Structures are given as C-alpha cells and as structure tokens.
Amino acid sequence: HPEPLGLDIAPEPFRARVQEALAAEGVECGQWQRMPVPAQDIFQTKAGYGKGWPWSVVEAVTGERYTYRGEDYPQSVDFLARHFYAHGIWPPNGEKLMDAYGDAFEKVVGSVGELF
C-alpha cells in the first residue's frame, strides 16, 4: 500500500514497481486473480452448463435477470489493484530461502523512496 509510506501514487503502478524491484532481488511475484469473480467470462456470458443453467432456470421461474459487473465489488477491485503473491514459498523450501525473501522485502521497502 503506497499510502502508509507517504506516497501519492495509484496502487497499480506502485504494485508493479515493487514487483519489479523484488524480481531484481530474485523474488518472482505475480497475481493470481486479475478481476473480481463476477467479472469473469462465465458470469458475463452466463454460459454455465446445459443452455445457461443455472441462470436460465432462475430467469424462467422468477423473471429476474442477473447482471454481474466487476465494478459492483469495489473492495475486490481495490484488493486486486494492490495485491501480489511471492512465488516459490511453498514446500519444500527452507529457512535460508525464507530469510533471503525476507531480506529482499526489507531492502525493497527500505528503499521505496528511491523507487518512486
């Protein structure tokens, strides 16, 4: 989060620059989700399985049409703008690797003023 660091920068470019700096230190990072789940294709097309099930059944019975818009989930949108995951932290790994990752994060956060 750039705000607690006193930076006036949008979350996305902040995240991207931090990820670049971590990569330069040997910590590969990335995002798993890039949009709120309701913005994903299956919810947008309502393809479902078997002629649009389950949406087609609900619409036929109740007359209600469901509309999913990613922007209707502002907390998810904000989270996605700010998050990333460090790769390679799952077992088997060891204390040496975790210490190296910790050192990389400390170095990047400690030099955040130089990054921006």
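Let's start at Pro92, which sits in the loop between β2 (85-86) and α5; helices here are DSSP runs of H or I with at least four residues, strands are E runs of at least two, and both are numbered from the N terminus. The peptide bond leading from Pro91 into Pro92 is cis, with omega near 0°. Keep in mind that this is a predicted model, where local features need pLDDT of at least 70, side-chain atom pairs count only at pLDDT 80 or more, and totals for chains, interfaces and linings use all residues. Residues are numbered from 1 along each chain as its sequence is written, and side-chain values use heavy atoms, with hydrogens and water left out.

There's another cis bond from Trp53 to Pro54, with omega near 5°. Pro54 lies in the loop between α2 (41-45) and α3, and Lys46 is in the loop between α2 and α3 too. Lys46 has a positive phi of about 55° although it isn't a glycine. Lys46 counts as buried because its relative accessibility is 17%, buried meaning under 20% relative accessible area (1.4 Å probe, protein chains only).

Move on to the loop between α3 (55-62) and α4 (74-82) and you'll find Gly70, which is also buried, at 9% relative accessibility. Gly70 and Arg34 are 36 residues apart in sequence and 11 Å apart in space, C-alpha to C-alpha.

Now for the inside. The largest nonpolar core has 12 residues, among them Phe14, Leu22, Tyr101 and Leu115; such a core is a set of buried Ala, Val, Leu, Ile, Met, Phe, Trp, Tyr and Cys residues joined through side-chain atoms within 4.5 Å. Helices α1 (11-24), α5 and α6 (112-115) each supply at least two of its residues, and α1 gives the largest share, 4 residues.

Notes: Buried means under 20% relative accessible area, exposed over 50%, partly exposed in between (1.4 Å probe, protein chains only).
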